[in-house]
Amino acid sequence: MAQPPLEVQTRATNDAFGKFAASASGWLGSKWAFAGAGIVIVIWAAIGPVFHFSDTWQLVINTGTTIVTFLMVFLIQNTQNRDARAINLKLNELIRAIDKARDQMIDIENLSDLELDKLKTKYENIRAAYIKRQPAGSPLEQDPVGGSDTVANE
């Protein structure tokens with residue numbers, strides 16, 4: 001029996017759909033799944049003359065691809081949600097571990113759109129102030145946030 005893809009081996013999920021999604025996304029994202037889909041298309045195109053390129057012949061591939069696409073949306077979304085959650089947790093740990101990092105940035109993905117807009121505006125203002133302080137024609141080489149008086153005085 002073939003070993004499951006590495007993505008499936010390394011993901012530990014507690015729910016049945018999570019396990020299924022990890023397994024399916026691992027397999028369906030492989031070169032073999034792509035090759036299989038290509039073979040299905042070639043076979044479908046090859047039998048076109050047998051069915052005189054009828055509406056039913058076209059309907060078969062249209063229906064099949066629609067169903068597969070519909071189901072894949074949920075598998076992909078599940079995988080992306082899990083990956084985004086893991087990345088956010090890793091970023092939270094990095095923020096927590098770095099002394100100069102601002103702890104208020106932890107879990108900002110849970111803020112409202114209005115709160116995120118305010119935070120974005122704040123950082124845009126910091127960036128604009130940094131650019132203003134630079135001599136004309138100088139490259140922007142320094143860290144605008146780490147070296148900014150605006151951040152240091154908060």
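Author: Below, each word is set against its value and its cut-off. One caution first: this is a predicted model.

Reader: What is the secondary structure made of?

Author: It comes to 6 helices and 0 strands. Along the sequence the pattern reads α-α-α-α-α-α.

Reader: Why are H3 and H4 called roughly antiparallel?

Author: Look at the angle. The axes of H3 (residues 31-46) and H4 (residues 55-97) cross at roughly 170°. An angle over 145 degrees counts as roughly antiparallel. Therefore H3 and H4 are roughly antiparallel to each other.

Reader: Which residues make that contact?

Author: From H3 come Ile 41, Trp 44 and Ala 45. H4 supplies Trp 57, Gln 58 and Ile 61. By class, the contact has 5 nonpolar, 1 polar and no charged residues. The two axes come within 11 Å.

Reader: What makes H2 and H4 roughly perpendicular?

Author: Again, the angle. Their axes cross at roughly 105°. The range for roughly perpendicular is 65 to 115 degrees. So H2 and H4 are roughly perpendicular to each other. These axes come within 9 Å.

Reader: Which residues of H2 and H4 touch?

Author: On H2, they include Phe 17, Phe 20 and Leu 28. On H4, Phe 74, Leu 75 and Arg 82 are among them. By class, this contact has 9 nonpolar, 4 polar and 1 charged residues.

Reader: How many residues does H2 have, and what is its reach?

Author: H2 has 13 residues. From its first C-alpha to its last it reaches 18 Å, close to the 18 Å expected at 1.5 Å a residue.

Reader: Which residues of H2 are buried?

Author: Gly 18, Ala 21, Ala 22, Ala 24 and Gly 26 are buried. The word means under 20% relative accessible area. Across the protein, buried residues make up 18% of the 154 residues.

Reader: How many aromatic pairs are there?

Author: The structure holds 4 aromatic pairs.

Reader: Why is the pair of Phe 17 and Phe 20 called tilted?

Author: The ring centres of Phe 17 and Phe 20 are 6.3 Å apart. Rings pair if their centres lie within 6.5 Å. Their planes stand at 45°. Stacked needs under 30 degrees, edge-to-face over 60, and the rest are tilted. So this pair is tilted. Phe 17 and Phe 20 are 3 residues apart in H2, about one helical turn.

Reader: What makes Phe 70 and Phe 74 edge-to-face?

Author: The angle between their planes is 80°. The cut-off is over 60 degrees. The pair is therefore edge-to-face. Its rings are 5.2 Å apart, centre to centre. Phe 70 and Phe 74 both lie in H4, 4 residues apart.

Reader: How do you know whether Phe 70 is buried or exposed?

Author: Check its relative accessible area. Phe 70 has 53%. Exposed means over 50%. So Phe 70 is exposed.

Reader: And why is Phe 74 put in another class?

Author: Phe 74 has a relative accessible area of 44%.

Reader: What makes Val 60 count as exposed?

Author: Val 60 lies in H4. Its relative accessibility is 55%. The cut-off is over 50%, so Val 60 counts as exposed.

Reader: How far is Val 60 from Trp 44?

Author: They are 16 residues apart in sequence and 8.8 Å apart in space, C-alpha to C-alpha. Trp 44 also forms one aromatic cluster with Phe 53 and Trp 57.

Methods
Residues are numbered from 1 along each chain as its sequence is written. This is a predicted model: local features need pLDDT of at least 70, side-chain atom pairs count only at pLDDT 80 or more; totals for chains, interfaces and linings use all residues. Side-chain values use heavy atoms; hydrogens and water are left out. Axes are lines fitted to C-alpha atoms, for helices over the stretch in contact, and angles run from 0 to 180 degrees between N-to-C directions. Helices (H or I, at least four residues) and strands (E, at least two) are DSSP runs, numbered from the N terminus. Angles under 35 degrees count as roughly parallel, over 145 as roughly antiparallel, 65 to 115 as roughly perpendicular and the rest as oblique. Contact means heavy atoms within 4.5 Å. Ala, Val, Leu, Ile, Met, Phe, Trp, Tyr, Cys and Pro count as nonpolar, Asp, Glu, Lys and Arg as charged, and the others, Gly among them, as polar. Rings of Phe, Tyr and Trp (its six-membered ring) pair if their centres lie within 6.5 Å; planes under 30 degrees apart count as stacked, over 60 as edge-to-face and the rest as tilted. Buried means under 20% relative accessible area, exposed over 50%, partly exposed in between (1.4 Å probe, protein chains only). The expected span of a helix is 1.5 Å times one less than its number of residues.
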